[in-house]
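Me: Please take me through this structure step by step. I will ask, and you answer briefly.

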Amino acid sequence: MAQPPPPRRHLPSSAIASFIDRERIDKLLARWVPEAADRAFVLRCVLDEGPAHHRGANFVLLSLLGQLLDAAKASPESQGPSVPVPMRLPPHIDVGEDGFYPLSFPRKVLERLAPAGSAAQEAMIDCLTDGPPQHSLANAAMLCLISALLERSGGGAP
Amino acid sequence: MGPPLLLASILALTVVAQALLPSYRLLLTLGGAALSCAVAALTGVGTTRAIFADVPWDVMILLVGLGFLAELLVATRVFGVIAAAVTRWSRGEPRRVLVLFAVAMYAVSGLVNNLTALLLVLPILLILLKLLGVGQRYLAWTLGVLLVACNLGGAATPIGDFPAILLLGRRVMTFQGYLWAAAPPTVVALAALLVVVMVRVRPERGLVREPVATRLSLAVMGALYRKVRLSWRLFLPTAACLLAMLGAWVWVPPSSGVGPELIGWLGVGLALAVLPRTGERVIRAKMDVEAVLFLLSLFVMVSAVRQSGVFDSIGRGLTSLPVPSVIQLVLFLLLAGILTGLFSAGPSMAALLDVAASLAARLSPTAVYVGLALSVCAGSSLFLTAATSGPMTQILTERADLRDPLGAPVRFGFFDFLPVGLLSFALIQTVAIVYALLLVAGSLF
Amino acid sequence: MSRLGPAVASAFHVAAGELGMCSAAWLFVREVAAEGGEPLVSELRDLLGRAYPVLDAVAGRWLEGSREPKVGPDSVLAACEGASRLLVVGIEAMFLDALLPKLGQTRATLLAHSSFPVDWERVVANHERRLETVELSSLHRLAGRRSALLTFLYGTRGESTWVDPAWLRVMGADVRTQFRSIVGWDVLGSVMYLYPRWLSEAPASDFSHLVRA
């Protein structure tokens, strides 16, 4: 009888924690979330919550996008409507504006893929903002960076 | 079996059944009331409309209104402040604890119904007893005297408990007439009880007291109430409305057409309206539906019996007994006390008030009605089960899980209360009879 | 024969429920010391220490010369800065008495959930208009980007800390990401020597801010 293959060897989670540089992401997000306490909350959700591989992946992607942003000397968009990221509160609870994380992303960037107000764009927003905050807030942060990069690249409107 | 006997049997059986099966009290009394209406309608005694027209709605209004007022007073935290002060004054000494809490309970239950008074004061006393660590004997006598003080306080004022409210609502006595006539004998009865308990019974005998335990008990009580203050925002308008109601009850003449129930309705309504947020919450969530339904059912059954003429017959039978009128009164008061002990105050008072009317026609009405209220108070103090406050005390005490100094659980059940009940019944019933006879004698000369 | 009767145990139980383990312990130690000095504090520690290890720790501190706890709430206030709502899990009367008057516009709410019998109305009445209660099932109503969550810690060692068991009912992965600040206020300031009865172990990493007494 064939022996089952040995389990794949994973790196220890401490190896993941060791490469996450919170300062770097904190500095990067300051452009979109100016208040330190709000930023600490977003950072905690993106880098300290959920499975370790998500935390690590969030750090890698955000860091690289940040490098790209610095290289392109891009800065955040200053106008246009934004999409807030809701907390995953029980559906019957409505705490108003407080029920959204202190980071939102520009809606305009999605118009490159689907017209404003279309069902497709609404579905995209739903996909990006749903799920636990290590997903939704990381999505929002990356969209902020991507939007600034696209603006800077002069891609203009779709 | 004729309709009068049938209706009287339904009333009697329902009263017995609810006393035996208190956990089905509402089901039984509502069922008894419906059955009474059905029998009355089918036998031609009276329609349901006629029976309901005979229900003393003014008494119900007073009961509900005073219940709301009690809840407003609860929200002011005045009773918590009083109880905490009483604890400080007691200095943790068992004798002082017993006397001071009994007096406080007497005073509080003169203003609010007995059950509310008990729910306000008892938890604080139980915490203190738990902190002090008391024995079985001391606990039984302390809680027993507290219950009796609660009954006496309820009988002292026209708004303290159901029997007095009934007398006020039925307009057989005025507010001040009842207050001046009933308060002194209740004070005498309470004083007599406290003297006998403190001098003869000495419930604190055998308790081992350590200064450090007393010190800790008082320190903990002080910390639990360290910043509990009277809510003046709620207290001032509530107290002002209560004072206005008391003034109106005393000075507005019945000839004006404004009865005590309307004064109560307007006064409590004003208090609730002045504090709209608290008032709306009290109306929505704090009405004692159980008490209202229970008493309504009793009134319906009593009304059916009354319409059948049974009470008139009993009244005639009592007044035609071949003994002097004062002996008839004594027998009536003893009967009221014993019936209340067996069936509780509500049914006894509702049924006996009509019989009392026949005696009041020949003797001093004040003697008859105040004697009746005091006898009902005596009966309520006879057994732990005679008033709703008794089982409630038992439940609260069980929940408190009190222990004696050796760690053994201490209880407060039917037989633990019995010595207190027998002594209190004897004392209050004696005061009731003697006082009624004195009033009769006073009215003759 | 001990001057501390068995009733002292039930008295402490009552106090611990409504004042908090640490506040009750300081109260008992202070009163006992006033009555019988350090020998009686030692006696109290022997009598109740095993059952109430926070009392044991506080009595130990007293015997080492400490006469009162450090209740300065400034670090907690700093951790809650900008929060419009503060949900408190667990009771510590001495510490809440110091904190709540300084909260300003921040609305404080206490979770009405305890292993001990507690008269919540009385607890709230001690903080007139500064504190209200919420049931466990409704605590999400207090969540939000300007909400902070506070509990009391009874010692911290490495990655571990000890909390009121109610904290474990509250601190799920969902709640953690619904409050901006999660503050642990170490009111004991030392690690318990005895088995931490009545308390539960929680990871220190649960907290965004750890405030030590």
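This is a predicted model: local features need pLDDT of at least 70, side-chain atom pairs count only at pLDDT 80 or more; totals for chains, interfaces and linings use all residues.

Me: Why is S1(C) described as largely enclosed?
Reply: Buried means under 20% relative accessible area, exposed means over 50%, and partly exposed lies in between (1.4 Å probe, protein chains only). Strands are DSSP runs of E with at least two residues, helices are runs of H or I with at least four, and both are numbered from the N terminus. S1(C) spans residues 85-89, and it is largely enclosed by the rest of the structure because its buried residues number five of five.

Me: Which residue in strand S2 of chain C is the bridge partner of C:Leu87?
Reply: Two strands pair if DSSP finds at least two bridges between them. S1(C) and S2(C), residues 107-111, pair in the parallel sense over four bridges. The partner of C:Leu87 there is C:Thr109.

Me: Which residue of S4(C) stands opposite C:Val88?
Reply: S4(C) covers residues 144-157 and runs parallel to S1(C), with five bridges joining them. Opposite C:Val88 stands C:Leu150.

Me: What area is buried between chain B and chain C?
Reply: Contact means heavy atoms within 4.5 Å. Here 23 residues of chain B touch 26 residues of chain C. Buried area is the accessible area (1.4 Å probe) that two parts lose on being put together, summed over both. Carbon and sulfur atoms give 62% of a total of about 2,400 Å².

Me: Which three residues supply 24% of the area that chain B buries against chain C?
Reply: Their share is more than that of any other three residues. They are B:Arg215, B:Leu216 and B:Arg226.

Me: Which residue of chain C meets B:Arg215 in a salt bridge?
Reply: A salt bridge is a side-chain nitrogen of Lys or Arg within 4 Å of a carboxyl oxygen of Asp or Glu. Across the interface of chain B and chain C there are five. In one of them, at 3.4 Å from N to O, B:Arg215 meets C:Glu35.

Me: Which three residues supply 46% of the area that chain C buries against chain A?
Reply: In this contact, 16 residues come from chain C and 20 residues from chain A. The two chains bury about 1,600 Å² between them, 50% of it on carbon and sulfur atoms. More than any other three residues, the suppliers on chain C are C:Arg145, C:Thr177 and C:Arg180.

Me: Which residue of chain C forms a salt bridge with A:Glu97?
Reply: Between chain C and chain A the count is six salt bridges. In this one, the closest N and O atoms are 3.4 Å apart, and the partner of A:Glu97 is C:Arg146.

Me: How many residues apart in sequence are the parts tied together by B:Asp54 and B:Arg306?
Reply: The closest N and O atoms of this salt bridge are 2.5 Å apart. B:Asp54 lies in the loop between helix H3 (48-53) and helix H4 (57-75) of chain B, and B:Arg306 lies in helix H15 (residues 289-308), so the pair ties together parts separated by 252 residues.

Me: Is C:Asp206 buried or exposed?
Reply: C:Asp206 forms a salt bridge with C:Arg176, with the closest N and O atoms 3.6 Å apart. The pair links parts 30 residues apart, with C:Arg176 in helix H8 (residues 173-176) of chain C. At 9% relative accessibility, C:Asp206 counts as buried.

Conventions:
Residues are numbered from 1 along each chain as its sequence is written. Chains are lettered from A and ligands numbered from 1 in the order in which they are written. Side-chain values use heavy atoms; hydrogens and water are left out.
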